[in-house]
Structure formats: structure tokens, C-alpha cells
Amino acid sequence: MPDRTRPQERPGAGAWVPQSLSLRSLRQAAQECRGCELYRDATQAVMGDGRVDAELMLLGEQPGDREDREGEPFVGPAGKVLDEALVEVGISPAEVYITNVVKHFRWSGTRGKQRIHQSPSRAHVAACGPWLEAELRLVRPTGVVLLGGTAGKAVYGAGFRVGESRGRVRDWPASFAVARPPAWVLATTHPSAVLRAEDRRSAYEGLVADLRVAADRLISPT
Ligand code: URA
Ligand code: SF4
């Protein structure tokens with residue numbers, strides 16, 4: 001369905017981002033955000049979670065059905081795949097910071113009890129950007145892993161393609177201004193793509209191989 005929201009209804013999240021940054025302040029403030037219309041159909045905003053002193057930040061797309069209900073990122077099936085892959089390459093899920101490009105669940109229609117995920121548009125990603133910027137300022141990660149196309153496009157722009165970029169260490173782009181840019185970025189497939197793949201096993205192995213490149217970059221992989 002086309003987006004019929006008028007631009008003035010999408011002022012962007014900037015005005016809701018608090019001055020004093022902490023996980024708590026971000027989480028609380030995001031509940032009030034009206035930066036775009038996605039808050040209307042979601043249960044709550046899902047801010048990132050994990051260690052604020054993490055070396056590694058993982059960036060997904062948007063909360064899913066489970067995340068929307070529980071208020072935590074990557075607690076559903078995709079998160080399970082991701083955690084398993086992280087552990088396999090020696091990265092403890094407890095050591096990272098994990099978040100999404102968009103903080104409210106966008107969905108359209110239902111299948112049984114489950115609401116059907118709809119990817120956020122570029123306008124939603126842009127509107128929600130100030131939250132991600134704030135998280136980058138708070139966590140100041142050394143490395144960032146981009147999970148899938150939406151995260152890739154949010155950082156590198158519309159021309160980004162996961163298939164062409166995955167598994168290679170890249171620089172943080174100058175076009176995305178942050179106070180202390182991460183030293184490196186690595187893109188990989190989204191863990192939910194593993195769940196959808198015809199050959200799940202090889203899709204999973206691909207995710208693990210990419211994450212291994214990130215693990216090798218970390219100074220002290222656990
Ligand atoms: N997919 C995402 O991109 N993020 C989540 O938090 C869950 C599923
Ligand atoms: Fe604000 Fe982002 Fe939610 Fe839109 S999706 S209301 S910008 S937190």
C-alpha cells in the first residue's frame with residue numbers, strides 16, 4: 001500500500017532525543033516519539049539493548065512481532081539464529097550492543113495471530129535516524145555489523161546491495177556524520193533471511209562465515 005502520510009506528519013525523531021544520553025533515557029524518550037506515523041500501530045518503541053561499552057554494534061531493520069510485544073530487540077526467531085551464529089564465531093551475545101534502524105514495528109495485515117512484517121520505507125529510516133545517531137554517540141563502537149539491506153542502505157545509501165558487499169570489511173562512510181566513526185563496518189545477510197532460505201544450512205553457514213570476519217577484527221573476542 002502506498003504511503004499517504006503527509007510530510008508534516010513525519011517531522012523525524014530529532015525533537016524527542018534527550019540531551020543526556022543513557023540506555024534508560026533513550027528507551028524512555030523513544031516511547032514518546034512521534035517522528036513518523038509508525039508508533040500508531042505498534043505496541044511500543046524498541047530501543048537497542050546490550051552493553052553501552054560494547055566494541056561491536058549489530059544493526060538490524062526493525063522490531064518484529066515478538067520484539068514489539070516484549071520491547072526488546074532480537075528476542076524472536078531471527079534473534080535466536082543470530083545468537084547461535086555469534087556464539088559459533090566466539091562472540092558472546094552478552095558483550096555486544098544490538099539495535100535496529102527503525103524503532104517501531106511496521107506491519108500490515110495478519111496471518112493467524114501473527115502480524116505480517118512490512119519493511120520500513122526510506123522515509124521511515126530517515127525519520128528514525130536521530131535515534132541511531134544517539135546510540136552511536138552513546139556506545140561509540142569500534143565495529144558495526146549491518147544485518148541485511150535496510151541496515152546497509154541506512155548507512156551507505158540507496159545503492160547498497162548486501163549480495164555485493166557482504167563479508168568484506170569496509171570503512172564507515174563519510175556521508176554519515178558521527179562524532180567518533182566506527183573503525184570498520186561489515187555487512188551480512190539478515191538472520192531472518194536464513195529462516196526464509198530454501199537451503200537454510202548454507203544460508204546459515206554464510207552468516208557464520210561473515211561474522212567470523214568481524215570476530216577476527218575484534219581486539220579481544222570472547
Ligand atoms: N529483525 C530485526 O531486524 N530486528 C529485530 O529486532 C528482530 C527481527
Ligand atoms: Fe519515532 Fe522511529 Fe517510531 Fe517513527 S519509527 S515514531 S521516528 S521511534
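Guide: Welcome! In this predicted model, local features need pLDDT of at least 70 and side-chain atom pairs count only at pLDDT 80 or more, while totals for chains, interfaces and linings use all residues. Residues are numbered from 1 along each chain as its sequence is written, and side-chain values use heavy atoms, with hydrogens and water left out.

Visitor: Why is the aromatic pair of Tyr156 and Phe160 called stacked?

Guide: Ring centres of Phe, Tyr and Trp (its six-membered ring) must lie within 6.5 Å to pair, and planes under 30 degrees apart count as stacked, over 60 as edge-to-face and the rest as tilted. Tyr156 and Phe160 are 6.0 Å apart centre to centre with 10° between the planes, so they are stacked.

Visitor: What makes Trp172 and Phe176 an edge-to-face pair?

Guide: Their centres are 5.0 Å apart and their planes 65° apart, so this pair is edge-to-face.

Visitor: Why does Phe160 count as buried?

Guide: Buried means under 20% relative accessible area, exposed over 50%, and partly exposed in between (1.4 Å probe, protein chains only). Phe160 has 4%, so it is buried. Trp172 is buried too, at 9%, as is Phe176 at 13%.

Visitor: How do you know that the charged end of Arg115 sits over the ring of Trp107?

Guide: The rule asks for NZ of Lys or CZ of Arg within 6 Å of the ring centre and within 35 degrees of the ring normal. Arg115 is 5.6 Å from the ring centre of Trp107. Arg34 lies over the face of Tyr39, at 4.1 Å from the ring centre.

Terms used: Chains are lettered from A and ligands numbered from 1 in the order in which they are written.
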